[in-house]
Amino acid sequence: MTNPRILVLGTGGTIAGIAGDAMRHDYLPGQIGIDQWLEDAGRYALDVEFVGQQVANVGSEDMGPVIWGKLHRAIAEAMEDDSIDGVIVTHGTDTAEETAFLLDLTLPLNKPVVLVGAMRPADAVGSDGMRNFVNAVRVAAAESAKGRGVLLVMGDRVLAARDARKVRTRGTDDAFRGFPRGSVAIVTPSALDWFGKPWRDDARPRFAFPDEFPEVPILYAAGGISPATAERLLVDAKGVVVAGVGEGNMPDAVRAVLADRASKGLLVVRASRVDEGLVDREPEDDENRFVASRALNPQKSRILAMVMLANGVSDPADFQAVFDRP
Ligand code: SIN
């Protein structure tokens, strides 16, 4: 039997980062090229063949439509290429959850696609990058990873793209969590254990990848924010996600501004600035033409809103049906 052939797309982040000095607090993400990375991985005698491609080498705060588009094209081609068995994307952890969810919504997924990052740069004492990467290799090479959408590997956990969220700024312990599902599998370089059956029986993309991403800002609610703040943010917006207080709440005066704009066609999604918990529909949402984000946090709600708007969706009920879907 031949070894699985894995396409590894490098985009940068801390996993490719270098500090140069163990006693320094700061470091530069996106310093190690994918060829160097794969040469280093060669030390571990992995039973796979790698094909490397450098898509970008940036801190993930600089991910956006251009690099997303390049990534999407490269993975879509790999899905058609019979010589590739799975895909790994090395990615900064700061926005990995957004890229993972965007790809999950817009790619054909007939092979495993796995994002992986690290919380410590490659030359740190106790760097987690290579361990996470080898865990990702185990997932990307596994037949059993099919039908589970895009996955994210951090530490020894596998998270589904829709659930994954970064919950700590530093440290490797539980830096990511899944909500509402926790981890969907535990992985080590030598073992992979799933906690349930595959959940996607259709490998076709759910939405077309946007030619252009519409403007969808996030309005961060807080005690005392003014309607003027909301008005300023809405210039050029096609939609807005409210990172609301508690279960997606906002001051009445802000709600009035957004309800007025929603009546004229602006998409308004109520999410929450609280780390975990559902934002369910309220009776006034029908009247206000608002959408409740359910389990999606503000940054993921924004990705879904942009993708659906770019796909020509305009009815709040159609948005709600997709936000509701687990
Ligand atoms: C980044 O997201 O590029 C920096 C932080 C990290 O990768 O952990």
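Reader: How much of the chain counts as buried?

Author: Keep in mind that this is a predicted model. A residue goes into the buried group when its relative accessible area is under 20%. Of the 326 residues in the chain, the share that counts as buried is 52%.

Reader: What helices and strands is the chain built from, and how compact is it?

Author: The chain has nine helices and 14 strands. For 326 residues the globule rule gives 20 Å, and the chain's radius of gyration is close to that, so the chain is as compact as a globular protein of that length. The radius of gyration itself comes to 20 Å.

Reader: What share of the contacts links residues 24 or more positions apart?

Author: Take the contacts in the chain with a separation of 6 or more. Those between residues 24 or more positions apart make up 71%.

Reader: How many residues of helix H3 are buried, and what covers them?

Author: H3 runs over residues 96-106 and is mostly covered, with 11 of its 11 residues buried.

Reader: Is Asp285 buried or exposed, and which side chain does its own side chain make a polar contact with?

Author: Asp285 sits in helix H7, residues 283-288. Its relative accessibility is 0%, and the cut-off for buried is under 20%, so Asp285 counts as buried. Leaving aside neighbours within four places in sequence, Asp285 is in contact with Arg270, Asp280, Phe290 and Ala292. The polar contact, at 2.7 Å, is with the side chain of Arg270.

Reader: Why does Arg168 count as partly exposed?

Author: Arg168 is in the loop between S7 and strand S8 (176-178). Buried would need under 20% and exposed over 50%, so a residue in between is partly exposed. Arg168 falls in that range because its relative accessibility is 41%.

Reader: Which residue has its backbone oxygen 3.5 Å from a polar atom of the Arg168 side chain?

Author: Leaving aside neighbours within four places in sequence, Arg168 is in contact with Met119, Asp173, Asp174 and Ala175. One of these supplies the backbone oxygen at 3.5 Å: Asp174.

Reader: How many Å apart are the mean positions of the positive and negative charges?

Author: The chain carries 36 positive and 47 negative charges. Their mean positions are separated by 2 Å.

Note on methods:
Residues numbered from 1 in each chain as written. Predicted model: local features only at pLDDT ≥ 70, side-chain atom pairs only at ≥ 80, totals over all residues. Heavy atoms only, no water. Helix = DSSP H or I, 4+ residues; strand = E, 2+ residues; numbered from the N terminus. Rg over C-alpha atoms; globule rule 2.2 N^0.38 Å. Buried < 20%, exposed > 50% of the residue type's maximum accessible area, 1.4 Å probe, protein only. Contact = heavy atoms within 4.5 Å. Lys, Arg positive; Asp, Glu negative; His and termini not counted. Charge placed at Lys NZ, Arg CZ, Asp CG, Glu CD. Polar contact = N/O pair within 3.5 Å; in protein donor to acceptor, adjacent residues only side chain to side chain.
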